[in-house]
Amino acid sequence: MPSQRLSVVVTRRLPDPIETRMMELFNVKLRDTDEPMTRAELAAAMQTADVLVPSLADQIDAGLIAQAGERLRLIANYGAGVDHIDVETARRRGILVSNTPGVLTDDTADMTVALILAVTRRMPEGMAQVQAGEWNGWSPTALLGGRLGGRRLGILGMGRIGQAVARRARAFGMQVHYHNRRRLRPEIEDGLEATYWESLDQMVARMDVLSINCPHTPSTFHLMNARRLGLMKKDAVIVNTSRGEVIDENALGRMVRAGDLAGAGLDVYEHGTVVNPDLKGLPNVVLLPHMGSATREGRMEMGEKVLINIKTFADGHRPPDQVVPAML
Ligand code: DGY
């Protein structure tokens, strides 16, 4: 299929240089606002385009895929997570799905460590004091947090991002533990000085900090349910820069409010932008608006990956970052 005839619909605003390159390469319809598309707009886009470039706010479910036009052959996601796309249904319709893995790893891992530090070192409380003009100077006993060095960090999901978190945590002197579907190869485990736990229950019960770094799939939904959260130590904290659905947010809200957990740092939520009210207004809970990968560099690299995926497809090859259901 000659690339100049590929019609591409992009559902959100992308960095200017990426949009410019898209216009040079394809017959592209860009979004002129940064509002997510409505379901009707998505359906219309999928009826006419050869390639759709969605991002995580677009629910590309079986119903929408069923309405897609015959031309739609590639869903080139702008983002790494594909839990908003029914990849199996797309496959059955002969529609390829690609994503942008790898280029968000370091930024997301940085933000994970930032959340761990913010919660354990009580940064929001300190910031609030200064902003409110309530800070009266240094004190030997004020705003004491916990030292990261020597603490046990449990990483749930030891893929690219989990491993990047582990490397950072080692630099802070933390002891790294992990649970993953598959144990890492010995040389990787040794390099990270990481201890593998086959039993997630046993791991979470012993950690000072738990970091969620696994994708959201049917088997990770509510992996941290009320029972498992209840196994955590009362002075432990939990951070999540992956997907909100991995934690039962109601249970988490109840537990931090009741003092059954020392704190939480969240960049993602179970119900999108609707945050459980129990989690709000607490000094030991840091809430961010899904900004773990939000660097200018990362967004450009994501765009470049999307361009390469579409161009490779246009040139008659499989996109390098094709997602197949077996990977999920
Ligand atoms: C992704 O691409 O899936 C990330 O969650 C965005 O931060």
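**Reading helix packing and nonpolar cores**

User: How is the packing of helix α5 and helix α7 described?

Analyst: Two packed helices are described by the angle between their axes and the distance between the axes. Here helix α5 (residues 105-120) and helix α7 (residues 160-171) pack at about 50°, and their axes are 8 Å apart. Axes are lines fitted to C-alpha atoms over the stretch in contact, with angles from 0 to 180 degrees between N-to-C directions. Helices are DSSP runs of H or I with at least four residues, strands are E runs of at least two, and both are numbered from the N terminus. The model is predicted: local features need pLDDT of at least 70, side-chain atom pairs count only at pLDDT 80 or more, and totals for chains, interfaces and linings use all residues. Residues are numbered from 1 along each chain as its sequence is written, and side-chain values use heavy atoms, without hydrogens and water.

User: Which residues of α5 and α7 make the contact?

Analyst: Contact means heavy atoms within 4.5 Å. From α5 come T105, D106, T108, A109, D110, T112 and V113; from α7 come R160, I161, A164, V165 and R168.

User: How many residues does the largest nonpolar core have?

Analyst: In soluble globular proteins, nonpolar side chains tend to be buried together. A nonpolar core is a set of buried (under 20% relative accessible area, 1.4 Å probe, protein chains only) Ala, Val, Leu, Ile, Met, Phe, Trp, Tyr and Cys residues joined through side-chain atoms within 4.5 Å. The largest has 29 residues, and I212, M224 and L229 are among those with the most contacts inside it. α9 (200-204), β9 (209-212), α11 (249-258) and β11 (263-266) each supply at least two of its residues. α11 gives the most, four residues.

User: What does M224 touch?

Analyst: Leaving out residues up to four places away in sequence, M224 touches L156, V204, L210, I212, L229, M232, V246, I247 and D248. A second, separate core of 26 residues includes L148, A164, A194 and L288.

Conventions:
Buried means under 20% relative accessible area, exposed over 50%, partly exposed in between (1.4 Å probe, protein chains only).
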